[in-house]
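I opened a notebook for a structure I had not looked at before. These are my entries, in the order I made them.

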Amino acid sequence: MEKRCVMDGAEMQMDKPGEECGVFGAYDFDGGDVAPSIYYGLLALQHRGQESCGIAVSDTTGPKGKVLCTKDMGLINEVFTPEILEKLRGDIGVGHVRYSTAGSSTRENAQPLVLNYVKGTLGLAHNGNLINAPELHRELAYTGAIFQTTIDSEVIAYHIARQRLNTKSVEEAVAQAMEKIKGAYSLIIMSPRKLIGARDPFGFRPLCIGKRDNTYFLASETCALDTIGAEHVRDVAPGEIVTISPEKGIESDTSMCIPIKHQARCVFEYIYFARPDTYIDGMSVYHSRIMAGKFLAMDSPVEADLVVGVPESGNCAALGYCLQSGIPYGQAFVKNGYVGRTFIKPGQKSRESSVQVKLNVLREAVDGKRIIMIDDSIVRGTTSDRIVHMLREAGAKEVHMRVSSPPFLWPCYFGTDVPARDQLIACNRSVEEICQIIGADSLGYLRIERLGEIVGDRPICKGCFTGKYPLEPPAEDIRGEFES
Ligand code: SF4
């Protein structure tokens, strides 16, 4: 397929952490084609990655190892035409949407990865980041491995393929590979006759199982199961490996699970990454965000006329603030939903701003009012000041900003691109100083003690807020390229 033209330096900076990746797999025991369901599942996961995408399928009754795969830069509906989908014939398959947190954004690094080896062909889709990828990569390279990409997912695929030479089954090979790889990973692996899902022992990233008639699915989020009319069977537990096959249905291996209290789900999945209609490990993301808004109203109250959310992820928390405080909830922004990640970014001299291209203020709604504006996070602070300014220009009398997460103080190594400390506005600054920089009348963050409460006390990772990570952070920067 032709490589698409991506405009130079065109990425829109909305001061949000990158959404990592989304994975989706399907196996139809009745032999029907799964590519259309994977397409719609990936569409529902598009918020998790908009740089590249791909689908790989295989026919379990056909020759072992004949995998058809299409992947490219761009959104799902840009890469997959009806003609391309029509050609992807197969009853087992795996798909991926990508946002690059390790390895550059190129077509070669798009997933799923398809690996031919002596035992057949593996298709693999990965969400997360390994913290020991450089060591493992070196180890493999010195023993003759030749890499086709610069992503850590290929290191996982290689390990599984190598372990498979000494194991009776592919799921055993996955378990042995999991002994070596460290970090965040939710994996979907397609072997010639089995669909396998695996989640790292900490459970950083979500992964769930669905079923529709005689077809089984694995997906990053339950919203993707809803989209294709599948029931949510259950989540894959942190550390669990599930093997799906017509002979045995769903088999589970929990030998890699760790005590529940050591699990560490990424709390930012609940605050921002996941869609609000998703449930992660039994907890509604929508409910988490409503709770965060309620806690903001309890802990950082202020008199005002209207509560508004910065779309889309600030909206639920704004509703929560309204429910708790009794201050009316309204809409202050109109979002241009047609601006993708890539567009021609206004130049220094141009009078348009990136933020304004994406968001406009409803003057009618905010003129003469005291506004509480809720957003899910402030990373660098580069858009908050712009949005506060836009509200004032539209006639807002006061602008009070509330943030439904604690201040980001540390980078993330587990599959998101929360950047280095020197790029975080909250690092070495007081809340008052940040408030001054963004030009708000007041600023309040979610208290760190509230994080546990918004996820129903499930064990979580909060490393980017506290600097205390569930795993020792890597000595080398894992977010660059392996070539360097
Ligand atoms: S460091 Fe922050 S963003 Fe990264 S996994 Fe932990 S909670 Fe999530």
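**Entry 1: ground rules.** The model is predicted.

Entry 2: I found D213 in the loop between β9 and β10 (215-219). D213 is not a glycine, yet its phi is positive, about 50°. Is D213 buried or exposed? I counted 11 C-beta neighbours inside 10 Å, and exposed means 12 or fewer, so D213 is exposed.

I then turned to D457. Its phi is near 65°, again a positive value in a residue other than glycine. D457 belongs to the loop between α15 (450-454) and β24. D457 has 10 other C-beta atoms within 10 Å, so I noted it as exposed.

**Entry 3: cis peptide bonds.** I looked up the bond from Q111 to P112. That peptide bond is cis, with omega near 5°. P112 sits in the loop between β4 (92-98) and β5 (113-117).

I also looked up the bond between P311 and E312. This one is cis too, and omega is about -15°. E312 is in the loop between β17 and α10.

**Entry 4: the antiparallel sheet.** I traced an open sheet of seven strands. Its order is β3-β2-β4-β1-β10-β9-β11, and the pairing is antiparallel. Which strands stand at the edges? I wrote down β3 (67-73) and β11 (231-235), each of which pairs on one side only. Direction ignored, neighbouring strands here are turned by 15° against each other on average.

Strand β9 (residues 208-212) pairs with β11 over four bridges, in the antiparallel sense. G210 has H232 in β11 as its bridge partner.

**Entry 5: the parallel sheet.** Next I followed an open sheet of five strands. I read its order as β18-β17-β21-β22-β23, with parallel pairing. The edges are β18 (329-330) and β23 (442-445). Each has a single partner strand, so one side of each is left without a neighbour in the sheet.

How many bridges join β21 to β22? I noted six, between residues 370-375 of β21 and residues 398-403 of β22. I371 stands opposite V399 in β22.

I then looked for helices over this sheet. Helix α10 (residues 315-325) lies across β17 (306-309), β18, β21 and β22. It runs at about 160° to β17. Helix α14 (residues 431-438) lies across β22 and β23, at about 125° to β23.

**Entry 6: around the ligand.** Which residues surround the ligand? My list reads F204, C266, V267, F268, C412, F414, T416, V418, C461, K462, G463 and C464. The elements that give two or more residues to this shell are α8 (267-273) and α16 (463-466). By class, I sorted the shell into nine nonpolar, two polar and one charged residues.

**Entry 7: two of the cysteines.** I looked up C412 on its own. C412 lies in the loop between β22 and α14. With 25 other C-beta atoms within 10 Å, C412 is buried. Beyond its neighbours within four places in sequence, C412 is in contact with V418, G463 and C464.

C461 came next. I found C461 in strand β24 (residues 460-461). C461 is buried as well, with 25 C-beta neighbours inside 10 Å. Leaving out residues up to four places away in sequence, its contacts include F202, F204, C266 and P470.

**Entry 8: a lysine in a loop.** Last, I looked up K168. K168 is in the loop between α5 (152-164) and α6 (170-180). I counted 8 other C-beta atoms within 10 Å, so K168 is exposed. K168 and A230 are 62 residues apart along the chain, and 32 Å separates their C-alpha atoms.

Definitions and conventions:
Residues are numbered from 1 along each chain as its sequence is written. This is a predicted model: local features need pLDDT of at least 70, side-chain atom pairs count only at pLDDT 80 or more; totals for chains, interfaces and linings use all residues. Two strands pair if DSSP finds at least two bridges between them. Two residues are in contact if their C-beta atoms, placed from the backbone, lie within 7 Å. Axes are lines fitted to C-alpha atoms, for helices over the stretch in contact, and angles run from 0 to 180 degrees between N-to-C directions. A residue is near a molecule or strand if its C-beta atom, placed from the backbone, lies within 6 Å of it. Ala, Val, Leu, Ile, Met, Phe, Trp, Tyr, Cys and Pro count as nonpolar, Asp, Glu, Lys and Arg as charged, and the others, Gly among them, as polar. A residue is buried if 20 or more other C-beta atoms lie within 10 Å of its own, exposed if 12 or fewer, and partly exposed in between; C-beta atoms are placed from the backbone.
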